Every structure is written in structure tokens, then in C-alpha cells.
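These are my notebook entries on a structure that I consulted for the first time. I set down what I looked up, entry by entry.

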Amino acid sequence: MSITIRNLTRRFGQTEVLRGIDLEIRSGELVALLGPSGSGKTTLLKIIAGLDWPDAGQLTVSNEDWLAKKAQERRTGFVFQHYALFPHMNVRENIAFGLRVLPAAQRPAEADIAGRVAKLLHFLQIDALAYRFPAELSGGQRQRVALGRALAIDPEVLLLDEPFGALDAQVRRDLRRWLREVHDATGSTTIFVTHDQEEAFELADRVVVMGAGRIEQIGRPDEIYDNPATPFVARFLGLTVELPVVVRGGRIEAEGLDISALTLPAHPDGPATLFLRPADIGLVPDPRGSYRVTELSSTGALLRLRLEGPADCSIEVETPRRLGQNLAVGQTVLLRPEAGQIFQQAAPRAIAHAA
Amino acid sequence: MTPVNAPASTRRSKRVLPGFGLTMGMTLTYLGVIVLLPVIALVLKGAEIGPARFFAIATAPRTMAALQLTLTAAAMATVFNAVYGLLMAWVLVRYDFPGKRLLDAMVDIPFALPTAVAGLALSALFATNGWYGALLEPLGIKVVFTIWGVAVAMSFTSIPFVIRAVQPVLEDLDPQYEQAAVTLGAHPFTIFCRVIFPAILPAFLVGVTLSFARSLGEFGAVVFIAGNLPMETEIASLLAVIRLEEYDYNGASVIALMLLLIALLLLAVSNLMQAQALRYKGGGS
Ligand SMILES: Nc1ncnc2c1ncn2[C@@H]1O[C@H](COP(=O)(O)OP(=O)(O)OP(=O)(O)O)[C@@H](O)[C@H]1O
Ligand SMILES: [Mg+2]
């Protein structure tokens, strides 16, 4: 089922939570909605599911106007961040719920329901949990049951709100791979919300980056990683070092910067801001360098340094510890950025230190 | 070292807060003096009578009639309170309307009002020339001096139990359960029956039980409206008072014991049902 969203707007009182969302999702695609807290991801997901309604805009699924349809008739599979498993039903009853509440004419026979639930339990690798209650399950197990409950109604659109948000790192990685398999096996169109970029990039066919109710960028994971389209996306994807530069005759000029390793698309002349990842900056000890090391700490694998540069600019960079043996506090260095992005005008950030 | 022989210090360290001994001791003492002792005294008093005499008093026509009236009227009041109290809790939690806070405050009036005042007011309202009585009696419905009057008085004084038991649970119910049910295709009535009601059932049972127990023992409000005709509209607790006034201590304690027995039975059944409704809570949380 392809999903087409046009100019979707949602207000809560005075605040505009979604400000004109345009989005096209192909049938069978796995799309990640990535964005910081409060950017409207859940709201968008709820509107698609029919749990919330927009103030303006269109939502079309396979050429059908979904805003004219009740949530019950859309039959989307929705997985909630905190699972929302029915506490008084055991795993089997939870998974069977969507089948049991069908109108009598469409409801499968009890034996068929049992068969379908058994198949899902097996598919989700939770056969052993069939008679447990949600209170007796771990977070990862609950997540699988929640997905099973959503899949039981054969949804053609599957929506997951931060499906792995409450789980530890190892379980997240396992479930991530497993969700990809589930998606490929069911062939549903899947949208999942996350604010973990690694998760989005590893799992999704395409990533939609949202910020403050707008879509900032849509693209394949590598595309977005290599070419963030706006300063917002750049910052969100970890290009947290911002250096004021001047472009003159197509060349970037800035004090204390060696840009010979940097290849950037052509940029119009004038003042601009260079966005860099803390780990993409090479440090060359040089007595004439204009950046001075003021703090230095080790995380084991990495050295984290704070540098002070021209015009009171202070930045934080990281470098593998074995490459930083010759660095010390008080030393001056040249910066050799290896990758980055340049934007004409970047509004200054509220919080000016690296993540 | 086996857990059984674990020294006291490791056993004690499992508790987060100290003071278990003190609080438990106080609770037990209080329970013993205020609750258990009177009950034991009552049972001993009953035992003095001897089984044959006890049985004779318990099955005397007037006792039987009083108990039957009390139970029937309490059941009627409880059924009404269960339905109406649930509805009221639902309206107070789920909707916003002008005057909601006032309505919420009014729920407690039956508890705050002295029961005699409630009884007087109700009998005035339902009397032949009262506001309600004037409407109902032409229709052939007589409330005062009938079992209906008894039930009305019982219901009035015990309805807050159901409302106040259900209300907080309904308020805390996460809307995500309903949203999940909606996406799975369930319509509102199904959601209420299969998702919401099971969640509030334990609290609802508590409210209904308390409402019934209070109705069984209600005295002040009932005696004003019931007419208190022996064999017809005489409730059990009133009969106990009458026996006492006749210096028939045995008769009074037999009736009191019967009421106690019914109340205990009710509590036991209610607890079983609650345990059943809560069996999903599991061992962990
Ligand atoms: N029912 C509501 N009433 C008022 N404001 C709301 C409501 N629901 C959401 N909002 C506001 O809308 C904004 C977006 O919320 P939303 O839940 O969509 O964010 P999100 O991107 O899912 O964030 P998170 O990652 O924290 O879950 C927030 O500022 C939130 O306060
Ligand atoms: Mg959210």
C-alpha cells in the first residue's frame, strides 16, 4: 500500500505540531521517521493510524482517502512505545484480540484463530510464552508480543512508535535485525519512529528527518549521512563542530584550517559555516597553528579534546587515542577536516558544545 | 548457608524501610482491640445460647422476615448503585462539562450527611404529599413504608462507595489501551467490555461489596422511611435494637451474629472474585 501525505497540518491550541508535511511512501517500503523529541513524529504516526486527526491536508493510501475512514476500518498495525499490551489477557489472547473483535460475519472460527495465533507465536519465536501475562514478560518479549498482536490482523501498513526505545542496547540490535526480517517476510509498508540515528540508518530503506513539525530531509541512509541538506540535519546527525569561514573564488578560507583533504561541492562566495563531525577532524601539531588544546580526556578508544581558536571560538573534537599520542594540553595545532558540509547561513545554536 | 538458616541481619536487609516491627505491632493491636475483640465477644455471647435455642431464634418468623427484607433491599440498592455508580464515575472521568467539579463534590454528600437527616429528607420527599410521592403514587408506586423505601434509603447512603472506588482507577487507565484496541478494529462497546471493564473490575467489586455491606447495616436513614412494620418493613438491625430494649440479649445477639455471618461471607466471596480478576498481575509487578 502506497501512502501519500499532502500538506498535513496539526495544531494543538496555539502550537503547530505538524506544519505542512509532504511525504510519499512506496508500497512495501521500510521508512524511518527520525527526529528529536517533540518534532511531531508520534503525532504524524497517529494521524496515519486514525488515532488523531489533522487540521488540514490529505492522507491517501492506495488512492483511498484515509481521512474519510475510521481507525477501525484502516486496519493498520500499530505498535506503541510502551507496548500497551492488555494486562488482563495472556499472550495468546492479546495476539488473538484483533481477530476476536471482528464482526461475526468476518470472524474466523475459534480453531482458525488458534491456528493463526500459534503460527504467529512461532514466527515471532515466542512459543514458550503463550500462556504468560504481560506482567510476566521482559521488555523485549513484550515488544515481540505487541508486534504479534499488530500483525495478527494482516495489516498492510505497519506503524511502530519507537519500538525499541525502552530496551537495552544488545536486545535493540537483535530486535532490529529481526524487525527487518519480519518486514521482508510480511511485505507490509512499514513506518517506524526513532530518535536513534544508527537504528534508522541500519534498518530503513529511506529515512525521513523531522524537525519542529517539518520534514527537513528525505533520502537513503548514506545519502543523508554524506549530504545533510540543512544545518538542522547536519547538527542532528552529529556534525556538531561549527566553524565560521569565508568562501572566496570557490575556496574556503579560515584561520588555522588546512582544507586540502576536504572535498566539498561548489559554494557561492561570501561568509558561510562549515559543519564537521568531531571525529572527522585531523589534528596536526604545529607551532604556528591557531588552535590551542585546553582540555584533554580519554574514553579508552578515543581522545576527547577541547580546543580554543581564533576569536574566542571553542570546539570539541575526537581522535583515536593511538593517533593522538603526541598531543598535550597547551599545544597549538592545525585542523585538517576530512569531511564536512558547508551552509551559507547557519543560525547560531542555543547550546554551543558538541554532543 | 541455606536461606532458611540465614542470619537475621541478611533477612532484615531485604526491606527497604525500617519499622516493620513497630507498624505491624500497632496494626495488630488496633485490629485486635477495635475489630476482633467485639466480634469475639459477640460470638461467645452467641455460643452461650446453645445451638437449639440459637436455631429457634434465628428461624423465628419475625427474624427470618427481617433478614429477608434486609438482604433483598440491600441487593436491590446494590444493583442500582453498581449500574448508576459506574455510569456516574464514567461521566465524571471521561467528559468535561460546566459544573463538573460541583457534581464531583456532591457525590460525597450522602457520606457527610447525618443519616437521620437523609432519612427525614427522603421520607418527606417520598411521602404521599411530597415532591416525588405526589408524582409516583398516582402511578401506583408506593415508596414510603414499603421495601422500595428501604432500598431507596440504603442506596442513597451507599452509592459513593461505587463511584469513589471506580473513579481513580478509570482516571489512571492509560488511553493507549483503548487506542491499541481501536487500531485492532474494536468498536467502542467492545472496547468497554473487553478492555476497560476488566481493568476497573477489581475496584468495581470493592465498591459494590462496600455498598452492599453498608446497606446491610444501614439504620438511621432506613428507619424513617420504612414504617418498621413487624414482618413487613422491619430491618434486621432495628429488630436487634427492639430485642435489646425488651432485655432479650440472646435475641439481639443472634440477629447480630447472623448479620455478621452474612457480611463475612460477602467479604470472602468478594475477595475471591477480586483475586480472580487480578490473577494476571503475575508474581513480578
Ligand atoms: N494531546 C496533545 N495536546 C497538546 N499538545 C500535544 C498533544 N500531543 C502532542 N502534543 C505536542 O506536540 C508536539 C509533538 O509531539 P509528538 O508526540 O508528536 O512528538 P515526538 O516527535 O513523538 O516526540 P518524542 O520523540 O518525545 O516522542 C510536542 O510539543 C507535544 O507537546
Ligand atoms: Mg513520540
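How many helices and strands does the secondary structure of chain A come to? I found nine helices and 19 strands in chain A; helices (H or I, at least four residues) and strands (E, at least two) are DSSP runs, numbered from the N terminus.

Entry on conventions. I note that this is a predicted model, in which local features need pLDDT of at least 70 and side-chain atom pairs count only at pLDDT 80 or more, while totals for chains, interfaces and linings use all residues. Residues are numbered from 1 along each chain as its sequence is written, chains are lettered from A and ligands numbered from 1 in the order in which they are written, and side-chain values use heavy atoms, with hydrogens and water left out.

Entry on chain A as a whole. I looked up its extent: the C-alpha atoms fill a box of roughly 80 × 45 × 35 Å along the principal axes. Of its 355 residues, 50% count as buried, meaning under 20% relative accessible area (1.4 Å probe, protein chains only).

Entry on strand β13 of chain A. I find that this strand, residues 270–276, has six of its seven residues buried. Strand β11(A), residues 241–248, pairs with β13(A) in the antiparallel sense over seven bridges; two strands pair if DSSP finds at least two bridges between them. In this pairing, Glu242(A) stands opposite Phe275(A). β13(A) is also joined by three bridges to strand β19(A), residues 341–343, again in the antiparallel sense. There I noted Leu274(A) opposite Ile342(A).

Entry on chain B. I counted 14 helices and zero strands in its secondary structure. Its C-alpha trace spans about 70 × 55 × 30 Å along the principal axes. Of the 285 residues of chain B, 38% count as buried.

Entry on the interface. Which residues of chain B lose the most area to chain A? I first recorded that 22 residues of chain B are in contact (heavy atoms within 4.5 Å) with 27 residues of chain A. The area buried between the chains is about 2200 Å², of which carbon and sulfur atoms give 66%; this is the accessible area (1.4 Å probe) that two parts lose on being put together, summed over both. In chain B, Thr183(B), Leu184(B) and Tyr280(B) lose the most, together 32% of what that side buries.
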